[in-house]
Amino acid sequence: MTRHAWEQMATAGASALSLNAIAKQMGMSGPALYRYFASRDDLITELVREAYRSLADTLHEASAAGADLSGLAHALRDWALTDPHRYFLVYGTPVPGYQAPADTTAISSEIMTTLLDACAALPRAGAATSFDSHLEDHRDWAAGHHAPSGALHRFLTFWTRLHGVLSLELAGHFTGMGFDPARLFAAELDELMSS
């Protein structure tokens, strides 16, 4: 059933997701599908959980194989390129009117913890900044991770810059510019690893 939902999202986007259209595609009546999902939001929640779980598993596997922050970044990019609709569901524009339940945050926290661990394992580069100091008192988002504030800062820089490049690439904004987006991603990553 979720396979049909992912296919529908690939053609129409998450905001156009329709239980009745999925039921029709599956040869079922709309009310029959409501036995599995009470609403469109319940279906979206299941898809969000699948997407987060898929990425968390991808990063856990890479980390268990010895990947450092750079290796995890490439695993993230490979995952996103393989299925951009999963990426955009969890990191793209929010679905209008949809609010993910709190339990999806636990899976996204696994992703963050894996990346924070990798950031904390890197040697400190440069002096502490005023934002590092700010993060000492604003670290609730890190879900109890004990990384020093410099590692939190590195994580936030890593997260925002690489997602920016990745989102632009997946949305096709580099098309026609004549450069290889993989090389831009690698260049951004090299700069982040050395800072």
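Colleague: What share of the residues in the protein chain is buried?

Modeller: The model is a predicted one, and in it buried residues make up 39% of the 195 residues in the protein chain. A residue is placed in that class when its relative accessible area is under 20%. The accessible surface of the chain comes to about 10,100 Å², and carbon and sulfur atoms hold 55% of that area.

Colleague: Which elements make up the protein chain, and in what order do they run?

Modeller: From the N terminus on, the order is α-α-α-α-α-α-α-α-α-α. The count is ten helices and zero strands. The C-alpha atoms fill a box of roughly 60 × 45 × 30 Å along the principal axes. Of the contacts with a separation of 6 or more, 68% involve residues 24 or more positions apart.

Colleague: How many residues does the largest nonpolar core have, and which have the most contacts inside it?

Modeller: The largest nonpolar core has 55 residues, and those with the most contacts inside it are Leu 17, Leu 43, Leu 47, Leu 89, Ile 111, Leu 115 and Phe 158. Elements that give two or more residues to this core include helix H1 (2–12), helix H2 (19–25), helix H4 (40–64) and helix H7 (103–120). H4 provides the largest share, ten residues.

Colleague: What does Leu 89 touch, not counting residues up to four places away in sequence?

Modeller: Leu 89 touches Trp 6, Met 9, Ala 14, Ile 44, Leu 47, Val 48 and Val 95. Each of these pairs has heavy atoms within 4.5 Å, because that is the criterion for a contact.

Colleague: Why is Asp 132 called buried?

Modeller: The relative accessible area of Asp 132 is 3%. The limit for a buried residue is under 20%, and therefore Asp 132 counts as buried. Asp 132 is found in helix H8. Leaving aside its neighbours within four places in sequence, Asp 132 is in contact with Arg 124, Ala 127, Ser 149, Gly 150 and His 153.

Colleague: What makes Glu 188 count as buried?

Modeller: Glu 188 has 18% relative accessibility, and the class requires a value under 20%. Glu 188 is therefore assigned to the buried class. Glu 188 lies in helix H10 and touches Arg 161, Leu 162 and Val 165, not counting residues up to four places away in sequence.

Colleague: Why does Asp 68 count as partly exposed?

Modeller: Its relative accessibility is 40%. A residue is buried under 20% and exposed over 50%, so Asp 68 falls in between and counts as partly exposed. Asp 68 is placed in the loop between H4 and H5. Not counting residues up to four places away in sequence, Asp 68 touches Ala 118 and Met 193. Asp 68 and Leu 122 are 54 residues apart in sequence, and their C-alpha atoms are 8.8 Å apart in space.

Colleague: What is the class of Ser 29, and why?

Modeller: Ser 29 counts as partly exposed, because its relative accessibility is 40%. Ser 29 has its place in the loop between H2 and helix H3 (30–33). Ser 29 and Leu 19 are ten residues apart in sequence and 9.7 Å apart in space, C-alpha to C-alpha.

Colleague: How do you know that the span of H9 is close to the expected one?

Modeller: H9 has 22 residues and reaches 31 Å from its first C-alpha to its last, whereas 32 Å is expected at 1.5 Å a residue. The next helix to examine is H7, where 18 residues reach 26 Å, close to the expected 26 Å. After H9 comes Gly 172, with a positive phi near 85 degrees.

Colleague: Which helices do the buried residues of H7 pack against?

Modeller: They pack against H4, H5, H6 and H9. Among the buried residues of H7 are Thr 104, Ile 107, Ile 111, Leu 115 and Cys 119.

Colleague: What is the phi of Ala 143, and where does Ala 143 lie?

Modeller: Ala 143 has a positive phi of about 50 degrees although it is not a glycine. Ala 143 lies in the loop between helix H8 (130–136) and H9.

Conventions
Residues numbered from 1 in each chain as written. Predicted model: local features only at pLDDT ≥ 70, side-chain atom pairs only at ≥ 80, totals over all residues. Heavy atoms only, no water. Helix = DSSP H or I, 4+ residues; strand = E, 2+ residues; numbered from the N terminus. Buried < 20%, exposed > 50% of the residue type's maximum accessible area, 1.4 Å probe, protein only. Areas by Shrake-Rupley, 256 points an atom, 1.4 Å probe, with all protein chains shown as cover. Core = buried A, V, L, I, M, F, W, Y, C linked by side-chain atoms within 4.5 Å. Expected span 1.5 Å × (residues − 1).
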